[in-house]
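The sequence and the model are shown first.

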Amino acid sequence: MLRFLENMQFALFVFFTAAYAYQIVYLFVGLIGKGRGGREDAKLHRYAAVVAARNESAVIANLIRTLKEQNYPSELLDIYVIADNCTDNTAQISRQAGAYVYKRFNKVQVGKGYALEYLFRHIFEDKGETAYDGFFVFDADNIVDRDFVREMNKMFDTGEYTALTSYRNSQNFCANWISAGYALWFLREAKYLNNARYLLGTSCAVSGTGFMFSREILKSCGGWPFHLLVEDIEFTIHNVVSGEKVGYCPRAVLYDEQPTKFSQSWKQRMR
């Protein structure tokens, strides 16, 4: 029996080593490779930034403020918040900060995916299906670099990508070892996974927040049909198998707040 367990352990070691060995190649590509960047003479497209928020009154005004302060024409960037099953004044604060706000109350269809589906449907009904060239997705606790939209627009205007992800940095790297660990994980994901894939000409993966996609993607999907707890992975896989290309824009930076308690981290990982 002991011999069997040892053989199984060795077999699993070989399997997982082989499965992840490609990331060694990514490591060197990320270290030495240089991207081409976006178009400096890019056309300025019109975008909507969307945020699904549930009881985020403490942080959402900061996100809206940084979106309002973008180095990008304000008339080409609208901000939408879907206050989803909120019991606080998230909707009121978002509206006062300058966002278009919709409220949703549904205790059966719960989750970010359902909230975004509801929001996109109402945007199409109220603004029309051709009002925006693309859509940004953010979490309520994000802070967005001033050049975020401009840098993403440069890459989007190349026409090579129907979806783009960004460099997800951390607001609270030095809070404790938990937040630092998360920050290092996202650094690895950005620099040595998405950046390497971008340099090699393959599709990248969106990571929950700080990504954008074209109007055509949304229309081809018939809205936002991604309702899993990992809707970002579901969205990425849908695009890849549909023949679409997900790009990466290293100069577009947003700052995400990471967990500082083990209980918060455990809850996220157990999803």
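## Nonpolar core

In this predicted model, F136 touches a set of residues from elsewhere in the sequence: with neighbours within four places left aside, its contacts are Y47, A48, A49, V50, L77, F148, V149, M152, F211 and M212. F136 is also among the residues with the most contacts inside the largest nonpolar core, together with F138 and F213. That core has 67 residues. Strand β1, residues 47–53, gives the most to this core, with seven residues.

In soluble globular proteins, nonpolar side chains tend to be buried together.

## Helix α6

Helix α6 spans residues 148–156, and eight of its nine residues are buried, so the helix is largely enclosed by the rest of the structure. The buried residues are F148, V149, E151, M152, N153, K154, M155 and F156. Among them, F148, V149 and M152 are in contact with F136.

The list of buried residues in α6 also includes E151 and K154. E151 has a relative accessible area of 13%, and K154 has a relative accessibility of 12%; the cut-off for buried is under 20%, so both count as buried.

## Salt bridges

The whole structure holds 10 salt bridges. One of them joins the side chains of E40 and K154, at 3.2 Å from N to O. This pair links distant parts of the chain, 114 residues apart: E40 is in the loop between α2 (22–32) and β1, while K154 is in helix α6.

Through shared partners, salt bridges join E40, E151 and K154 into one network. Another salt bridge pairs E69 with R65, with the closest N and O atoms 3.5 Å apart. Here E69 is partly exposed at 41% relative accessibility, and R65 is partly exposed at 39%.

## Cysteines

How many disulfides does a search of the whole structure find? The search finds zero. A disulfide is a covalent bond between the sulfur atoms of two cysteines. For C249, the closest cysteine sulfur is that of C204, at 11 Å, which is too far for a bond; the cut-off used for a disulfide is 2.5 Å. C249 counts as buried at 2% relative accessibility, and C86 counts as buried at 12%.

## Positive phi angles

N55 has a phi near 55°, a positive value in a residue other than glycine. N55 is placed in the loop between β1 and α3 (60–68), and is partly exposed with a relative accessible area of 33%.

N85 likewise has a positive phi, near 55°, and is not glycine. Its place is the loop between β2 (77–84) and α4 (90–97). N85 counts as buried, at 3% relative accessibility.

## Nonpolar surface patch

Which residues make a nonpolar surface patch of about 570 Å²? The patch is made by L228, L229, V230, I233, I237 and V241. Of these, L229 is found in the loop between α8 (215–221) and α9 (231–241). L229 is exposed, with a relative accessible area of 54%.

Definitions and conventions: Residues are numbered from 1 along each chain as its sequence is written. This is a predicted model: local features need pLDDT of at least 70, side-chain atom pairs count only at pLDDT 80 or more; totals for chains, interfaces and linings use all residues. Side-chain values use heavy atoms; hydrogens and water are left out. A nonpolar core is a set of buried Ala, Val, Leu, Ile, Met, Phe, Trp, Tyr and Cys residues joined through side-chain atoms within 4.5 Å. Buried means under 20% relative accessible area, exposed over 50%, partly exposed in between (1.4 Å probe, protein chains only). Helices (H or I, at least four residues) and strands (E, at least two) are DSSP runs, numbered from the N terminus. Contact means heavy atoms within 4.5 Å. Patches are made of residues with over 30% relative accessible area and no salt bridge: like charges are joined within 9 Å, nonpolar side chains (Val, Leu, Ile, Met, Phe, Trp, Tyr) within 5 Å. Accessible areas come from the Shrake-Rupley method with a 1.4 Å probe; for residues, only the protein chains shown count as cover. A salt bridge is a side-chain nitrogen of Lys or Arg within 4 Å of a carboxyl oxygen of Asp or Glu.
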